[in-house]
Protein chains: 2
Amino acid sequence: MIFSAFLAPNGGEPMNLAVMMLIIFGSAKLLAELFERMRLPGVAGEILAGILIGPSVLGWISPSEFTTTMAELGVLFLLFKVGLEVDASELVKVGGTAAIVGTLGVIAPFVGGWGLFQLWGKGQTESIFLGTALTATSVGITAQVLASKGLLNRTASRIILGAAVIDDILALLLLGLVTSVAEGRLNWLELGLTALSAILFIAIVARWGGKTMGKLIPRLQAELRLGEAHFALAMILLFGLAAASTKVGVAAIIGAFLAGMALTEALPPRVHDLAHGVTELLVPFFLANIGLHFRVSIFADRQLLMLALLVVPVAMLTKVLGCGLGASRYGRTVAIRVGAGMIPRGEFCMVVAQTGLEMKAISPETYSLIVFMAITVAVLTPPLLKIVFRGVLANSGPEEERFRLG
Amino acid sequence: MIFSAFLAPNGGEPMNLAVMMLIIFGSAKLLAELFERMRLPGVAGEILAGILIGPSVLGWISPSEFTTTMAELGVLFLLFKVGLEVDASELVKVGGTAAIVGTLGVIAPFVGGWGLFQLWGKGQTESIFLGTALTATSVGITAQVLASKGLLNRTASRIILGAAVIDDILALLLLGLVTSVAEGRLNWLELGLTALSAILFIAIVARWGGKTMGKLIPRLQAELRLGEAHFALAMILLFGLAAASTKVGVAAIIGAFLAGMALTEALPPRVHDLAHGVTELLVPFFLANIGLHFRVSIFADRQLLMLALLVVPVAMLTKVLGCGLGASRYGRTVAIRVGAGMIPRGEFCMVVAQTGLEMKAISPETYSLIVFMAITVAVLTPPLLKIVFRGVLANSGPEEERFRLG
């Protein structure tokens with residue numbers, strides 16, 4: 001890379017790292033600024049920046065191993081930061097509701113997606129795959145909106161975060177079930193063991209992680225001669241729990257979130273700042289990367305476009321209704337906030353779409369439909385969240401001020 | 001990546017991102033801690049961690065696009081941080097000496113490397129390539145040692161940083177010259193233009209960058225609605241100047257260093273912390289990546305091993321003598337410190353070795369020789385620096401305490 005401009009002045013070589021960083025980070029921040037000026041959420045601007053610089057519009061950046069890696073690191077650090085800012089004991093208090101929200105929030109979109117494809121005359125397997133693709137919430141986008149507005153410790157936010165963990169386990173199991181059925185080999189024992197190990201892992205870390213770290217970190221910090229030992233220990237826990245999560249079958253971001261929660265009290269404020277710096281650098285890559293996968297080709301086929309315009313409201317409404325119903329005991333305002341916060345889809349969608357395509361269970365059209373849905377819904381959620389949280393944003397009370405804003 | 005453990009439980013797929021982060025970051029910090037306990041510099045431990053986890057020993061991690069990207073980002077942020085901590089006006093004061101140090105520090109290793117190969121009976125082209133490979137200092141390792149010990153604002157450190165900029169321009173021109181001669185097409189005009197644009201770019205940014213940013217950043221910060229606007233502006237300047245550097249032909253890290261210097265006074269302390277967090281995360285990847293390129297195969301060929309054991313002292317002594325001589329007017333202590341600080345080689349070596357191999361100007365043996373030299377010298381420099389800076393480390397006076405330590 002270094003000297004590449006000199007050694008190969010006539011192009012052809014892969015794009016310079018600094019140039020890519022500049023384009024992705026710079027365009028995301030530029031659009032975030034423009035959006036904030038139009039009183040729209042910056043998060044939506046950063047996703048649109050990805051569409052703009054991506055293959056469909058300017059063609060400056062294509063999705064690559066580089067953009068994927070930066071995006072994955074970005075969402076890991078985002079959830080780690082959210083974990084750091086969330087009070088674990090408060091999260092436990094809404095645990096029952098979160099479980100109901102997570103469960104209904106998987107059932108409703110599955111039925112909605114499956115039903116839509118059935119009505120449209122698609123086959124059973126394809127309908128089941130669409131249903132599955134609609135199930136899992138990608139909590140990153142909501143988390144970034146809530147964190148940037150200092151809303152992470154509202155009741156609705158806590159329910160969303162708890163429900164996202166439940167939702168991730170259920171969606172994982174559903175995908176396992178669906179792919180086994182599609183492949184004609186269904187192993188209930190394997191599925192049960194996966195479920196059990198995932199639940200045990202999460203329960204143990206959530207229950208004892210904070211206490212253990214509260215004792216362990218100060219003792220280690222006193223022992224270690226390493227510079228910035230606090231930060232190094234935090235990073236090792238973050239990557240360790242993220243790796244362990246994927247081993248037991250749940251998303252790496254769940255581990256990152258648990259690591260953050262376990263460390264909330266063990267880390268001094270300065271280390272929060274150090275981790276926050278990494279998050280600030282990487283989150284734009286997570287958001288822009290969503291937009292990078294947008295393809296205009298979906299607009300070429302009229303039938304497909306009509307179907308796409310139906311899938312988007314189904315994806316949104318089923319989450320709002322399912323999750324909102326689950327949180328209804330907290331009143332209408334909280335229920336709507338929870339429903340809206342659970343709308344975004346992300347990596348899981350792409351995994352289902354990819355798996356379905358590879359197994360030839362879905363057509364390439366359905367694949368692009370799912371990707372289109374995920375991106376559209378990701379762009380629409382931040383403005384929606386801004387609306388449903390309007391009351392709190394207008395007169396933010398002392399509850400917000402207690403917490404360190406993003 | 002997410003769900004990969006579930007979808008493909010029997011391996012074969014690329015290694016999970018969180019696992020790679022854990023292995024590289026964790027092993028680097030573990031060895032840094034062990035080294036610090038043995039009163040050796042942690043930096044050398046982090047390079048050795050790369051050798052340990054790399055293909056020659058444990059084989060857990062191979063050099064890949066991922067490790068290269070993380071390493072390049074790491075050294076960019078390292079030099080940015082160094083720039084932030086360095087007083088530009090103080091750097092200008094040692095400018096004359098730095099120019100002499102940089103020049104002699106290119107001439108001496110070139111002559112030494114060329115002479116060694118001539119004595120060993122190698123051909124003219126191969127000798128010239130070895131000489132060229134020995135010229136450029138990779139200031140990252142020295143910078144990390146100095147920063148972690150709070151020594152960046154010693155006279156010797158300022159001379160080293162200034163000389164590293166000069167050295168980079170000269171090495172760039174030398175490589176251009178050597179490759180043109182080897183290809184049989186020598187364009188003096190092109191070389192002259194490259195030199196001129198590189199020097200102009202650096203001079204303009206170094207001279208007016210700080211003043212411009214001092215005016216521009218507070219004004220922009222007041223205007224922008226974006227969250228963490230200071231940090232976003234700093235990152236855009238960092239990537240922008242790094243990209244511009246490669247366009248005019250010098251290393252991206254020179255741009256990163258200039259960006260840091262230009263921003264020293266314009267950024268509030270909190271933004272220094274945010275950037276410092278990124279540096280803390282990424283620098284272990286830069287250091288471990290050096291070790292990853294180590295191959296034991298060099299020990300299989302006795303002839304080659306003997307030559308390797310000669311190249312290493314030549315590489316070290318020629319820098320110490322050349323650079324030390326250049327700084328001799330500041331007395332023996334400073335001269336030795338400057339000489340030792342200029343020893344490390346890095347990316348530039350690899351570029352010369354790669355270019356030479358591709359042009360068939362050097363043999364694969366010479367290629368591994370150069371890589372072996374760069375790694376060995378990188379491991380040996382930190383302990384050497386600790387020795388030559390011993391007096392300051394033992395009784396660090398108020399000069400250190402004025403500056404924010406790493």
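**Helix α11 of chain A**

I looked at what follows α11(A): G249(A) comes next, with a positive phi near 110°. Helices here are DSSP runs (H or I, at least four residues), numbered from the N terminus. This is a predicted model, where local features need pLDDT of at least 70, side-chain atom pairs count only at pLDDT 80 or more, and totals for chains, interfaces and linings use all residues. Residues are numbered from 1 along each chain as its sequence is written, while chains are lettered from A and ligands numbered from 1 in the order in which they are written.

I checked the length of α11(A), residues 229–248. At 1.5 Å times one less than its number of residues, its 20 residues should span 28 Å, and the end C-alpha atoms are 28 Å apart, so the two agree.

I then asked how covered α11(A) is. I found 16 of its 20 residues buried (20 or more other C-beta atoms within 10 Å of a residue's own, with C-beta atoms placed from the backbone; exposed means 12 or fewer, partly exposed in between).

**The two chains**

I looked up the contact next (C-beta atoms, placed from the backbone, within 7 Å). It takes 60 residues from chain A and 60 residues from chain B. α2(A) gives the most to chain A's side, with 12 residues. 100% of chain A's interface residues are also interface residues in chain B, so the copies meet through the same surface.

Conventions:
Helices (H or I, at least four residues) and strands (E, at least two) are DSSP runs, numbered from the N terminus. Two residues are in contact if their C-beta atoms, placed from the backbone, lie within 7 Å.
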